[in-house]
Amino acid sequence: MKPIPAPITIYVPRDSAAISLGADDVAIAIAAEAARLGVAIHLVRNSSRGLFWLEPLVEVATEAGRIGYGPVQPEDVASLFAAGLGNAHALNIGIVDELPYLKTQERLTFARAGITDPVSLDDYLAHGGYRGLKNALAMAPEAIVAAVTESGLRGRGGAAFPAGIKWKTVLGAEGAQKYIVCNADEGDSGTYADRMVCEGDPFLLIEGMTIAGLAVGATRGYIYLRCEYPYGQRALEEAIASAYASGWLGANIQGSAKRFDLEVRMGAGAYICGEETSLLESLEGKRGMVRFKPPLPAIKGLFGCPTVINNVITLASVPVILDKGAEYYKHFGVGRSRGTLPVQLAGNVKFGGLVEKAFGVTLRDLLYTYGGGTLSGKPIRAVQVGGPLGSYIPESQFDLPLDYEAYARLNNMVGHGGITVFDSSVDMAEQARFSMEFCATESCGKCTPCRIGSTRGMEVIDKLVAGDQPVKQEALLRDLCDTMLAGSLCALGGMAPFPVLSALNHFPEDFRPQPEMLEKAS
Amino acid sequence: MSTSTFERKPPIKLAELSSLSPAELAAVNGVLAKLKDAPGALLPVLHGIQDALGFVPKDAVPIVAKAMNLSRAEVHGVISFYHWYRTEKPGEHVIHLCRAEACQAVGGRALEQHVKTTLGIDFHETTADGRYTLEPAYCLGNCAVGPSLLIDMELKGRVTPTRFDRLTGAVA
């Protein structure tokens with residue numbers, strides 16, 4: 001007689017992108033079908049691997065490894081059980097870890113993506129979690145800062161400022177109270193890496209922030225999360241409660257007598273609050289108006305105290321540096337861009353998902369080897385890298401290596417690593433106009449070039465496209481962009497011209513008036 | 001010194017009229033009691049009120065201002081700065097439709113037109129039957145599988161016009 005089989009472990013992601021495609025219904029269908037058949041299963045709601053074209057991606061644990069099925073809909077569930085879990089099926093994609101898309105990545109920050117249950121502390125600990133913090137607890141603050149500096153880690157939010165230098169300034173600043181603030185106001189379209197960390201590996205962010213606290217002598221942290229991310233809020237709050245309950249947060253972290261308190265604060269739908277000084281104003285309960293710098297937040301930040309403010313991915317990259325060493329992290333990358341960047345393929349792309357690679361990978365490789373071209377099957381016409389303030393890049397620049405300096409030389413921006421793909425049907429004048437419209441909607445209003453320039457920009461583009469004195473309008477638009485670039489207080493007004501000018505420079509034909517427009521104008 | 005025929009009377013202090021129902025007032029006060037003393041508490045307080053009532057009633061402003069030792073202008077200024085806060089009662093279901101680039105690249109503009117035509121409203125409006133309120137969103141972080149929307153804070157991806165009709169049919 002055969003022994004009673006142990007329950008089969010089945011994974012269905014709880015990532016909101018997977019849920020947006022039906023993962024919750026699939027999980028319900030799996031539980032119901034198992035109950036109906038009397039099969040013992042252990043259902044785990046894991047994070048997402050970041051292979052979004054396969055979501056909902058159901059995985060089944062087998063002796064050979066985790067077998068994937070995707071994309072699964074509730075009506076497929078009965079046939080999965082009928083074929084025998086782990087056996088051949090039309091949706092069977094084989095062993096997930098062996099997929100070239102995953103296998104060729106260098107997942108340091110996203111090492112646990114799709115593997116663990118995000119809110120299980122035991123899972124986190126079993127998969128290398130908190131090793132960085134354990135090391136940091138035995139180190140002097142100066143040594144932690146030195147390790148982060150040595151690793152070459154730069155701010156992943158977009159500005160690419162060396163994290164170690166920022167931390168060193170805060171460590172050296174006088175202040176009875178210091179703060180660690182995590183910028184989780186990921187408003188850039190085409191980016192979702194912060195969301196994936198908040199929802200999919202919240203302990204990683206908690207660990208990174210705790211290490212930052214030890215490094216600079218800050219005992220209190222805030223995660224400023226955008227309110228468009230309700231799933232991330234729930235995961236973070238659950239993980240924070242569990243970290244407190246197990247002594248990973250609070251007055252006496254793992255018996256070290258070191259303190260770190262952490263809470264989540266929700267934004268309220270203002271893109272500008274991703275700008276660090278505006279975010280601090282918002283955390284203080286005010287309108288998110290950009291502050292003048294200096295003073296730097298590192299000297300006078302939240303509530304006037306020395307503050308480290310870093311993006312989610314920056315803080316989430318710290319644990320691996322403290323775990324495996326600065327040398328390990330630094331050996332990935334090129335030039336002054338060290339380590340890895342979680343690139344997010346978005347928009348009209350066949351295989352959209354998270355690709356964490358060492359710096360140096362080309363855009364072409366990302367778009368075709370990983371992305372597989374467009375979803376529509378039409379040729380790629382332009383890609384916008386770095387969010388709504390990043391330039392539109394044409395095919396002629398697709399061999400550009402992923403490197404902060406190489407991008408900056410061409411007025412492009414790596415930013416937060418989002419790549420939004422557009423096919424040949426895109427109207428670049430429409431995109432340029434949207435950049436100005438977005439800037440007008442989201443401007444905090446403090447400086448004139450951004451507040452007024454963005455509205456004037458829309459008007460000038462409208463006239464240009466309508467054929468109303470086009471030569472004059474183009475000169476005016478370029479002049480306006482110049483004023484915004486040079487005269488804005490922060491990156492919103494100061495960078496909104498990049499997508500506009502790149503569209504105008506690389507795709508001038510889209511700005512020429514259509515014949516019927518000319519008729520109307522005359 | 002002759003007495004003036006015009007005598008200055010002390011201003012009459014009227015009790016402030018509030019349109020808040022007792023339940024709404026209790027909700028506002030409950031949120032304030034719980035959150036108002038945290039540092040920089042105004043955004044959490046306003047979120048608390050909107051989560052409880054669906055919006056931040058204009059008559060909650062003086063109550064919040066007084067409890068937090070702020071001016072009404074400061075509270076009003078914060079409410080009006082942030083797109084998320086609403087000062088009118090929303091419809092039964094709130095839809096946040098993404099307008100950003102990654103969704104545009106996969107048909108977001110056409111979906112936006114379909115949604116507005118189907119519901120017969122523009123952004124920031126509520127249907128006449130009070131069923132739906134439509135709000136724009138600039139990115140929901142679902143950029144690999146757009147176009148996306150939040151309906152009652154549940155995320156939906158790959159929303160075609162047909163899928164939108166099914167979704168609204170399901171919650172109607």
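This is a predicted model: local features need pLDDT of at least 70, side-chain atom pairs count only at pLDDT 80 or more; totals for chains, interfaces and linings use all residues.

1. Strand β1 of chain B, residues 93–98, is joined to β3(B) by 6 bridges, and the two run parallel.

2. These two strands belong to an open sheet of 5 strands in chain B, with mixed pairing and the order β2-β3-β1-β4-β5. The edges are taken by β2 (125–126) and β5 of chain B; each has a single partner strand, so one side of each has no neighbour in the sheet.

3. Ser148(B) lies in the loop that links β3 (132–137) to β4 (149–151) of chain B. Is Ser148(B) buried or exposed? Ser148(B) counts as buried because it has 29 C-beta neighbours inside 10 Å, where the cut-off for a buried residue is 20 or more.

4. Leaving aside residues up to four places away in sequence, the contacts of Ser148(B) include Cys98(B), Cys103(B), Leu140(B) and Asn142(B). Leu155(B), Lys156(B), Gly157(B) and Val159(B) are also among them, as is Ser20(A) from the other chain. Ser80(B), by contrast, is 68 residues from Ser148(B) in sequence and 26 Å from it in space, C-alpha to C-alpha.

5. Chain B is assigned two domains, domain 1 (22–81) and domain 2 (93–171). Taken over C-alpha atoms, the centres of domain 1 of chain B and domain 2 of chain B are separated by 29 Å.

6. How many residues does each chain give to the contact between chain A and chain B? Chain A gives 47 residues and chain B gives 34 residues. On the side of chain B that touches chain A, the elements giving two or more residues are α2 (42–53), α4 (72–81), α5 (101–104) and β5 (154–156) of chain B. Of these, α2(B) gives the most, with 4 residues. By class, this side of chain B has 23 nonpolar, 8 polar and 3 charged residues.

7. Chain A is divided into domain 1 (8–99), domain 2 (121–330), domain 3 (339–423) and domain 4 (428–521). The C-alpha centres of domain 2 of chain A and domain 3 of chain A are 27 Å apart. Their contact takes 17 residues from domain 2 of chain A and 17 residues from domain 3 of chain A. On the domain 2 side, α9 (193–200) and α13 (312–324) of chain A each supply at least two residues. That side divides into 7 nonpolar, 8 polar and 2 charged residues.

8. Helix α19 of chain A (residues 470–487) has 18 residues and spans 25 Å from first C-alpha to last, close to the 26 Å expected at 1.5 Å a residue. Its buried residues are Gln473(A), Leu477(A), Leu480(A), Cys481(A) and Met484(A). Why do they fall on the same side of α19(A)? They cover an arc of only 100° around the axis, which places them on the same side of α19(A). An α-helix has 3.6 residues a turn, so residues three or four places apart point the same way.

9. The buried residues of α19(A) pack against α18 (448–466), α20 (491–495) and α21 (497–506) of chain A. On the face of α19(A) turned away from the buried side are the exposed residues Val471(A), Lys472(A), Ala475(A), Asp479(A) and Ala486(A).

Technical notes. Residues are numbered from 1 along each chain as its sequence is written. Chains are lettered from A and ligands numbered from 1 in the order in which they are written. Two residues are in contact if their C-beta atoms, placed from the backbone, lie within 7 Å. Ala, Val, Leu, Ile, Met, Phe, Trp, Tyr, Cys and Pro count as nonpolar, Asp, Glu, Lys and Arg as charged, and the others, Gly among them, as polar. Domain bounds come from an automatic or database domain assignment. A residue is buried if 20 or more other C-beta atoms lie within 10 Å of its own, exposed if 12 or fewer, and partly exposed in between; C-beta atoms are placed from the backbone. The expected span of a helix is 1.5 Å times one less than its number of residues. The arc is that of the directions from the helix axis to the C-beta atoms. Two strands pair if DSSP finds at least two bridges between them.
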